[in-house]
Structures are given as structure tokens and as C-alpha cells.
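Trainee: I'd like a close look at one part of this model, the sheet and what goes with it. Could you walk me through it?

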Amino acid sequence: MEMSSSRVVPASVDATWHALNDPQVLKACIAGCESIERVADNEYTVAMTARVGPVSAKFSGRIVLSDIVPPTSYTITFDGQGGAAGFANGNAKVQLTPEGSGTRIDYQASAQVGGKLAQIGSRLVDGAAAKVADDFFGRLVEHLGGGAKADVDVPPPAAVKKALNTMWLRLGLAAAIIVAMAVYWLTRPA
């Protein structure tokens, strides 16, 4: 499965990068996310519950970050297991660029799914993946001000550096993309 899109959020590149690296923000923005835990500098474990059509499962996965260029881009490699529901693995390239008074988030992802997820059908999986991405970005926009308030507090450089080290933003995006891809592969026609 291949998926790419762009979203604009109402915050600076630095504020967006900071939000994407905050575990509380990510957990709040990813539907069904139960935990995101750092196990190494650029590696995390994620636990979440997802439903794709008739298949509902608890997924556990691993995310590894690479090609990190703070605060503009990185590559996420992920793999997840959902027990009898199946598995998903792949990667996503994410880039942040200024756009007007906000930030454009561009992402390109590719994934493979197996098990029951792969038997659901691509239309259902595509629809579920799109919904997961829309929900994530809707919640992120709301967190970053969503038009209700025009200014966003930008953390001091030391806080930004610390946030970059935790890389929580990347994990949230990765989890959303993993769920979206799993939904896609589970719902596409065989």
C-alpha cells in the first residue's frame, strides 16, 4: 500500500516539530493509542487498539527513526503485530515546511499488511486509513490552536532540543500511518 498527503497546521515549524515530539500530544491525537514508550534514542514501542471493518485488534509495534533533520524531516520505519488480526510493516518519510503563518506536513508512506487485515479489502482499508489520518491531523490542528487562537507559544531552544531527543511527534505520526496502512490492507479486495 502507498499513501501520501499534505496537511497544513496553524503553527510554526518549530512549534509543530515540538508538538510532534510530545508524547502527551501524540497520545491525545492518535485514536486508540494506549502507550508510546522510548526504548532507545531513536526507537519506541507503541500499543494501540484499532478497528478496520469487522476486524478489531490490539496492536503492539516498534518504531525506528532515521534520516533525522530537526526540525524539518525524518524517516519512520515501523512494524506491528495484531495477533490473529495480522501484521503491518513499512516506512514513512515526513517533511515540515513553512506555509504562510503555518506549517505544511508532507508525508509519503508505504506499508505491507498480512493476516485477516489483508483479507478485508482495499476500499475498506483505504477508507479507514484516510479516517485515521484525518482524525490525527484534526486533533493536532485543535491542539495547535485550530483557528480559535492565532498565536502558539514556541518553547525555548533548550525545550525544543529536549523534545527533539524524545521524538514523540514522529511516533504519533508513525502510529497513525501504521493504523491507516493496516486498515487499507485489511479492507482491500483480495
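Trainee: Which strand do the bridges join β1 to, and how many bridges are there?

Mentor: Bear in mind that this is a predicted model. β1 is joined to β7 (residues 102–114) by eight bridges, and the two run antiparallel. Zooming out, the pair belongs to an open sheet of seven strands, ordered β1-β7-β6-β5-β4-β3-β2, with antiparallel pairing. β1 (2–9) and β2 (33–40) are the edge strands; each has a single partner, so one side of each has no neighbour in the sheet. On average, neighbouring strands are turned by 25 degrees against each other, if you ignore direction. Helix α1 (residues 13–20) packs on this sheet, touching β1, β4 (55–69), β5 (73–81), β6 (87–99) and β7. The direction of α1 makes about 155 degrees with that of β6.

Leaving out residues up to four places away in sequence, I105 touches S5, S6, R7, V9, T16, L20, V94, Q95, L96, F137 and L140. I105 also turns up in the largest nonpolar core, which has 48 residues: along with L20, I30, F136 and L140, I105 touches the most other members. Helix α3 (residues 122–143) gives this core its largest share, six residues.

Helix α3 matters for the pocket view too: four residues, the largest share of the lining of the largest pocket, come from α3. That pocket holds about 160 Å³ of space. Eleven residues line the pocket, and A31, R51, A128, V132 and V179 are the closest to its centre.

Methods: Residues numbered from 1 in each chain as written. Predicted model: local features only at pLDDT ≥ 70, side-chain atom pairs only at ≥ 80, totals over all residues. Heavy atoms only, no water. Core = buried A, V, L, I, M, F, W, Y, C linked by side-chain atoms within 4.5 Å. Buried < 20%, exposed > 50% of the residue type's maximum accessible area, 1.4 Å probe, protein only. Contact = heavy atoms within 4.5 Å. Pairing = 2+ DSSP bridges. Axes fitted to C-alpha atoms, helices over the stretch in contact; angles between N-to-C directions. 1 Å grid on protein atoms, 1.4 Å probe; cavity = no way out; pocket = protein on both sides within 12 Å on 5 of 7 lines; lining within 4 Å. Points joined across faces, edges and corners; volume = space filled by probe spheres on them.
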